[in-house]
Amino acid sequence: MFVDSHCHINFEGLADRLPQVLERMREHAVTHALCVSVDLETLPSVLDIATRHDNIYASVGVHPDHQDAREPSVAELVELAQHPKVIAIGETGLDYYRLEGRTIDEMEWQRERFRTHIRAAHATKKPLIIHTRASADDTLRIMAEERAGDTGGVMHCFTEPWAVAERALEQNFHISLSGIVTFKSAVDVQDVARRVPLDRLLIETDSPYLAPVPYRGKPNEPAYVSYVGRFIAQQREMPDEALAAATTRNFFRLFGLQAPVGA
Ligand code: NI
(Lines give C-alpha, C1' and ligand atoms only; values in the text may rest on other atoms or scores of the structure.)
Protein backbone atom coordinates (compact mmCIF):
# COMPACT_ATOMS: atom_id res chain seq x y z
CA MET A 1 0.00 0.00 0.00
CA PHE A 2 1.08 3.53 -0.86
CA VAL A 3 0.24 6.96 0.61
CA ASP A 4 0.24 10.15 -1.46
CA SER A 5 1.79 12.66 0.93
CA HIS A 6 0.93 15.72 -1.21
CA CYS A 7 -1.89 16.28 -3.67
CA HIS A 8 -4.43 18.94 -4.64
CA ILE A 9 -7.57 16.91 -5.34
CA ASN A 10 -9.68 19.98 -4.59
CA PHE A 11 -8.39 21.53 -7.85
CA GLU A 12 -10.36 21.59 -11.06
CA GLY A 13 -9.99 18.38 -13.05
CA LEU A 14 -9.83 16.23 -9.91
CA ALA A 15 -12.56 17.68 -7.66
CA ASP A 16 -15.15 17.36 -10.41
CA ARG A 17 -14.55 13.62 -10.74
CA LEU A 18 -13.64 12.83 -7.14
CA PRO A 19 -15.49 9.47 -6.89
CA GLN A 20 -13.43 8.19 -9.83
CA VAL A 21 -10.19 9.60 -8.36
CA LEU A 22 -10.86 7.78 -5.07
CA GLU A 23 -11.79 4.56 -6.88
CA ARG A 24 -8.56 4.65 -8.87
CA MET A 25 -6.62 5.11 -5.63
CA ARG A 26 -8.18 1.86 -4.38
CA GLU A 27 -7.30 0.08 -7.65
CA HIS A 28 -3.65 1.15 -7.27
CA ALA A 29 -3.45 0.29 -3.55
CA VAL A 30 -3.06 3.97 -2.61
CA THR A 31 -4.80 3.93 0.75
CA HIS A 32 -4.48 7.54 1.94
CA ALA A 33 -3.68 11.02 0.64
CA LEU A 34 -2.91 14.42 2.11
CA CYS A 35 -4.79 17.21 0.33
CA VAL A 36 -2.63 20.30 0.70
CA SER A 37 -3.92 23.85 1.09
CA VAL A 38 -2.49 26.64 -1.10
CA ASP A 39 -4.55 29.60 0.13
CA LEU A 40 -7.30 30.49 2.60
CA GLU A 41 -9.76 31.26 -0.20
CA THR A 42 -9.82 27.60 -1.33
CA LEU A 43 -9.20 26.02 2.09
CA PRO A 44 -12.93 25.22 2.55
CA SER A 45 -12.80 22.87 -0.46
CA VAL A 46 -9.80 21.06 1.07
CA LEU A 47 -11.51 20.70 4.45
CA ASP A 48 -14.73 19.60 2.82
CA ILE A 49 -13.08 16.69 0.99
CA ALA A 50 -11.14 15.65 4.10
CA THR A 51 -14.27 15.80 6.25
CA ARG A 52 -16.24 13.61 3.88
CA HIS A 53 -13.53 10.97 3.35
CA ASP A 54 -11.80 9.08 6.17
CA ASN A 55 -8.65 8.41 4.14
CA ILE A 56 -8.05 12.02 3.04
CA TYR A 57 -6.21 14.42 5.35
CA ALA A 58 -5.79 18.19 5.08
CA SER A 59 -3.27 20.94 5.75
CA VAL A 60 -3.61 24.69 6.32
CA GLY A 61 -1.35 27.22 4.61
CA VAL A 62 -0.76 29.81 1.90
CA HIS A 63 1.61 28.94 -0.95
CA PRO A 64 4.60 31.26 -1.61
CA ASP A 65 3.56 31.63 -5.26
CA HIS A 66 0.18 33.11 -4.31
CA GLN A 67 1.18 36.71 -3.69
CA ASP A 68 -2.36 38.04 -4.01
CA ALA A 69 -3.85 35.53 -1.58
CA ARG A 70 -5.08 36.86 1.74
CA GLU A 71 -2.14 37.01 4.16
CA PRO A 72 -2.63 34.68 7.14
CA SER A 73 -1.65 35.60 10.70
CA VAL A 74 -0.15 33.08 13.10
CA ALA A 75 -3.35 33.18 15.17
CA GLU A 76 -5.52 32.51 12.14
CA LEU A 77 -3.44 29.52 11.01
CA VAL A 78 -3.50 28.13 14.54
CA GLU A 79 -7.27 28.52 14.73
CA LEU A 80 -7.85 26.86 11.34
CA ALA A 81 -5.48 24.02 12.23
CA GLN A 82 -7.82 22.94 15.05
CA HIS A 83 -9.98 21.17 12.45
CA PRO A 84 -9.75 17.43 13.29
CA LYS A 85 -8.52 16.41 9.82
CA VAL A 86 -5.74 19.04 9.63
CA ILE A 87 -2.42 17.28 10.21
CA ALA A 88 0.13 19.80 8.87
CA ILE A 89 0.95 23.47 8.27
CA GLY A 90 1.63 24.44 4.64
CA GLU A 91 2.35 24.43 1.94
CA THR A 92 4.72 27.21 2.75
CA GLY A 93 8.31 28.08 1.89
CA LEU A 94 10.09 30.20 -0.70
CA ASP A 95 10.04 30.37 -4.48
CA TYR A 96 12.46 32.66 -6.30
CA TYR A 97 11.89 30.89 -9.62
CA ARG A 98 9.10 33.19 -10.74
CA LEU A 99 10.58 36.56 -9.80
CA GLU A 100 8.90 38.21 -12.80
CA GLY A 101 11.16 41.25 -12.69
CA ARG A 102 11.28 41.52 -8.90
CA THR A 103 14.56 41.29 -7.01
CA ILE A 104 15.14 38.77 -4.22
CA ASP A 105 15.17 41.75 -1.81
CA GLU A 106 11.62 42.50 -2.91
CA MET A 107 10.50 39.00 -1.87
CA GLU A 108 10.57 39.86 1.83
CA TRP A 109 6.81 39.26 1.96
CA GLN A 110 7.50 35.60 1.09
CA ARG A 111 10.09 35.27 3.84
CA GLU A 112 7.73 36.88 6.37
CA ARG A 113 4.88 34.59 5.30
CA PHE A 114 7.19 31.60 5.67
CA ARG A 115 8.14 32.67 9.23
CA THR A 116 4.44 33.04 10.08
CA HIS A 117 3.82 29.43 9.05
CA ILE A 118 6.79 28.12 11.06
CA ARG A 119 5.49 29.97 14.13
CA ALA A 120 2.04 28.44 13.60
CA ALA A 121 3.66 25.01 13.38
CA HIS A 122 5.31 25.62 16.77
CA ALA A 123 2.04 26.74 18.31
CA THR A 124 0.10 23.73 16.99
CA LYS A 125 2.96 21.20 17.20
CA LYS A 126 2.08 20.14 13.65
CA PRO A 127 4.77 19.38 11.03
CA LEU A 128 5.49 21.74 8.13
CA ILE A 129 5.08 21.11 4.41
CA ILE A 130 7.83 23.16 2.75
CA HIS A 131 8.10 24.18 -0.89
CA THR A 132 11.51 25.47 -2.03
CA ARG A 133 12.44 26.49 -5.54
CA ALA A 134 15.52 28.44 -6.61
CA SER A 135 15.80 29.51 -2.97
CA ALA A 136 17.47 26.66 -1.06
CA ASP A 137 19.92 28.78 0.98
CA ASP A 138 17.29 31.24 2.20
CA THR A 139 14.81 28.42 2.87
CA LEU A 140 17.31 26.51 5.02
CA ARG A 141 18.49 29.69 6.77
CA ILE A 142 14.96 30.72 7.78
CA MET A 143 14.17 27.15 8.86
CA ALA A 144 17.22 27.26 11.14
CA GLU A 145 16.52 30.79 12.47
CA GLU A 146 12.91 29.89 13.31
CA ARG A 147 13.84 26.40 14.63
CA ALA A 148 11.58 24.63 12.14
CA GLY A 149 13.28 21.39 13.18
CA ASP A 150 11.39 21.47 16.50
CA THR A 151 8.25 20.30 14.71
CA GLY A 152 10.02 18.93 11.64
CA GLY A 153 8.10 18.23 8.49
CA VAL A 154 8.70 17.51 4.87
CA MET A 155 10.53 19.16 1.96
CA HIS A 156 7.89 18.46 -0.65
CA CYS A 157 8.42 17.80 -4.37
CA PHE A 158 12.13 17.89 -3.69
CA THR A 159 14.27 18.74 -6.75
CA GLU A 160 17.48 20.06 -5.18
CA PRO A 161 20.85 18.27 -5.22
CA TRP A 162 21.91 15.87 -2.46
CA ALA A 163 23.90 18.55 -0.58
CA VAL A 164 20.65 20.44 0.05
CA ALA A 165 18.82 17.26 1.06
CA GLU A 166 21.55 16.58 3.63
CA ARG A 167 21.09 20.02 5.19
CA ALA A 168 17.32 19.51 5.41
CA LEU A 169 17.78 16.06 6.94
CA GLU A 170 20.11 17.60 9.55
CA GLN A 171 17.22 19.90 10.48
CA ASN A 172 14.95 16.95 11.24
CA PHE A 173 13.09 17.11 7.91
CA HIS A 174 11.82 14.36 5.64
CA ILE A 175 12.29 14.41 1.86
CA SER A 176 9.29 13.80 -0.40
CA LEU A 177 9.78 12.92 -4.07
CA SER A 178 7.22 13.42 -6.81
CA GLY A 179 6.84 12.05 -10.35
CA ILE A 180 9.78 14.25 -11.38
CA VAL A 181 12.04 11.45 -10.14
CA THR A 182 10.84 9.31 -13.09
CA PHE A 183 11.88 11.90 -15.69
CA LYS A 184 14.95 10.85 -17.65
CA SER A 185 16.75 14.18 -17.12
CA ALA A 186 16.18 14.24 -13.34
CA VAL A 187 19.54 12.74 -12.41
CA ASP A 188 19.93 14.89 -9.28
CA VAL A 189 16.54 13.76 -7.98
CA GLN A 190 17.36 10.12 -8.73
CA ASP A 191 20.62 10.52 -6.83
CA VAL A 192 18.64 11.87 -3.84
CA ALA A 193 16.15 8.97 -4.22
CA ARG A 194 19.00 6.49 -3.73
CA ARG A 195 20.61 8.31 -0.80
CA VAL A 196 17.82 9.53 1.51
CA PRO A 197 17.70 7.31 4.61
CA LEU A 198 14.72 4.99 4.17
CA ASP A 199 13.11 6.21 7.39
CA ARG A 200 13.03 9.84 6.10
CA LEU A 201 11.56 9.26 2.66
CA LEU A 202 8.03 10.15 1.54
CA ILE A 203 6.39 9.95 -1.88
CA GLU A 204 3.80 12.21 -3.46
CA THR A 205 2.11 13.18 -6.71
CA ASP A 206 1.58 16.97 -6.29
CA SER A 207 -1.37 16.17 -8.58
CA PRO A 208 -2.87 17.50 -10.79
CA TYR A 209 0.69 18.51 -11.81
CA LEU A 210 3.78 16.46 -12.64
CA ALA A 211 2.42 13.07 -13.66
CA PRO A 212 5.13 10.38 -13.52
CA VAL A 213 6.24 8.30 -16.47
CA PRO A 214 4.27 6.64 -18.20
CA TYR A 215 1.68 9.42 -17.80
CA ARG A 216 4.08 12.34 -18.18
CA GLY A 217 2.33 15.40 -19.63
CA LYS A 218 -1.13 14.04 -18.76
CA PRO A 219 -3.24 15.05 -15.75
CA ASN A 220 -1.87 13.51 -12.57
CA GLU A 221 -3.84 11.93 -9.72
CA PRO A 222 -3.06 10.27 -6.38
CA ALA A 223 -3.28 6.73 -7.84
CA TYR A 224 -0.07 7.42 -9.74
CA VAL A 225 2.00 7.73 -6.57
CA SER A 226 2.33 3.96 -7.03
CA TYR A 227 4.50 4.65 -10.11
CA VAL A 228 6.65 7.06 -8.12
CA GLY A 229 7.10 4.44 -5.40
CA ARG A 230 7.96 1.62 -7.79
CA PHE A 231 10.47 3.77 -9.67
CA ILE A 232 12.26 4.67 -6.42
CA ALA A 233 12.26 1.01 -5.33
CA GLN A 234 14.03 0.18 -8.61
CA GLN A 235 16.56 2.96 -8.04
CA ARG A 236 17.26 1.63 -4.55
CA GLU A 237 17.28 -2.00 -5.73
CA MET A 238 14.70 -3.02 -3.16
CA PRO A 239 11.27 -4.71 -3.41
CA ASP A 240 8.31 -2.43 -4.19
CA GLU A 241 6.49 -3.69 -1.09
CA ALA A 242 9.35 -2.70 1.22
CA LEU A 243 9.51 0.81 -0.26
CA ALA A 244 5.73 1.12 0.01
CA ALA A 245 5.71 -0.08 3.62
CA ALA A 246 8.53 2.24 4.69
CA THR A 247 7.11 5.39 3.09
CA THR A 248 3.65 4.59 4.48
CA ARG A 249 5.08 4.08 7.97
CA ASN A 250 7.02 7.35 7.69
CA PHE A 251 3.88 9.25 6.69
CA PHE A 252 1.86 8.07 9.70
CA ARG A 253 4.75 8.58 12.11
CA LEU A 254 5.63 12.10 10.86
CA PHE A 255 2.03 13.32 11.09
CA GLY A 256 1.37 11.67 14.44
CA LEU A 257 -1.36 9.37 13.13
CA GLN A 258 -2.27 5.85 14.11
CA ALA A 259 -1.01 3.64 11.27
CA PRO A 260 -3.76 1.51 9.75
CA VAL A 261 -3.67 -2.26 10.21
CA GLY A 262 -1.27 -3.80 7.70
CA ALA A 263 0.92 -0.68 7.31
NI1 NI B 1 1.65 21.38 -3.99
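This is a predicted model: local features need pLDDT of at least 70, side-chain atom pairs count only at pLDDT 80 or more; totals for chains, interfaces and linings use all residues.
Student: Which protein residues are donors of the nickel ion?
Tutor: The donor atoms lie 2.1 to 2.4 Å from the ion. Along the chain, they follow the spacing H-x1-H-x82-E-x114-D. The residues are His 6 (NE2), His 8 (NE2), Glu 91 (OE) and Asp 206 (OD).

Student: Why is the arrangement of the 4 donor atoms around the nickel ion irregular?
Tutor: Four donors count as tetrahedral if all angles lie between 85 and 135 degrees. Here the 4 donor atoms subtend angles that make the arrangement irregular. Those angles run from 84 to 175°.

Student: How many residues apart in sequence are the parts tied together by His 6 and Glu 91?
Tutor: His 6 lies in strand S1, residues 2-7. Glu 91 lies in strand S4, residues 86-95. The pair therefore ties together parts whose separation in sequence is 85 residues.

Student: Are His 6 and Glu 91 buried or exposed?
Tutor: Buried means under 20% relative accessible area, and exposed means over 50%. Both His 6 and Glu 91 fall in one class: buried.

Student: What is omega for the cis peptide bond that joins Gly 90 and Glu 91?
Tutor: Glu 91 is a donor of the nickel ion. Glu 91 also lies in strand S4. Its cis bond with Gly 90 has an omega of about 15°.

Student: Where is Pro 214 placed?
Tutor: The peptide bond from Val 213 to Pro 214 is cis, with omega near 10°. Strand S8 covers 201-203, and helix H8 covers 225-235. Pro 214 sits in the loop between S8 and H8.

Student: Are H5 and H6 roughly parallel or roughly antiparallel?
Tutor: Helix H5 spans residues 136-145 and helix H6 spans residues 162-170. Their axes come within 11 Å and cross at roughly 10°. Angles under 35 degrees count as roughly parallel. H5 and H6 are therefore roughly parallel.

Student: How many nonpolar, polar and charged residues does the contact of H5 with H6 have?
Tutor: H5 brings Ala 136, Asp 137 and Leu 140 to the contact. H6 brings Val 164, Arg 167 and Ala 168. By class, that gives 4 nonpolar, no polar and 2 charged residues.

Student: Which residues does Arg 167 touch, not counting residues up to four places away in sequence?
Tutor: Arg 167 is in helix H6. At 35% relative accessibility, Arg 167 counts as partly exposed. With those sequence neighbours set aside, Arg 167 touches Asp 137 and Leu 140.

Student: How far apart in space are Val 21 and Glu 221, C-alpha to C-alpha?
Tutor: Val 21 is in helix H1, residues 18-27. Its relative accessibility is 0%, so Val 21 counts as buried. Leaving aside neighbours within four places in sequence, Val 21 is in contact with Ile 9, Leu 14, Glu 221 and Pro 222. Val 21 and Glu 221 are 200 residues apart in sequence, and their C-alpha distance is 6.9 Å.

Student: What separation do the C-alpha atoms of Arg 167 and Glu 23 have?
Tutor: Along the chain, Arg 167 and Glu 23 are 144 residues apart.

Student: Does Glu 237 count as buried or exposed?
Tutor: Glu 237 lies in the loop between H8 and helix H9 (240-254). Its phi is positive, about 50°, although Glu 237 is not a glycine. With 76% relative accessibility, Glu 237 counts as exposed.

Notes. Residues are numbered from 1 along each chain as its sequence is written. Side-chain values use heavy atoms; hydrogens and water are left out. Donors are N, O and S atoms within 2.8 Å of the metal (3.2 Å for Na, K and Ca); water is not among the atoms, so sites may look incomplete. Four donors count as tetrahedral if all angles lie between 85 and 135 degrees; four count as square planar and six as octahedral if opposite donors are over 155 degrees apart and all others between 65 and 115; anything else is irregular. Helices (H or I, at least four residues) and strands (E, at least two) are DSSP runs, numbered from the N terminus. Buried means under 20% relative accessible area, exposed over 50%, partly exposed in between (1.4 Å probe, protein chains only). Axes are lines fitted to C-alpha atoms, for helices over the stretch in contact, and angles run from 0 to 180 degrees between N-to-C directions. Angles under 35 degrees count as roughly parallel, over 145 as roughly antiparallel, 65 to 115 as roughly perpendicular and the rest as oblique. Contact means heavy atoms within 4.5 Å. Ala, Val, Leu, Ile, Met, Phe, Trp, Tyr, Cys and Pro count as nonpolar, Asp, Glu, Lys and Arg as charged, and the others, Gly among them, as polar.
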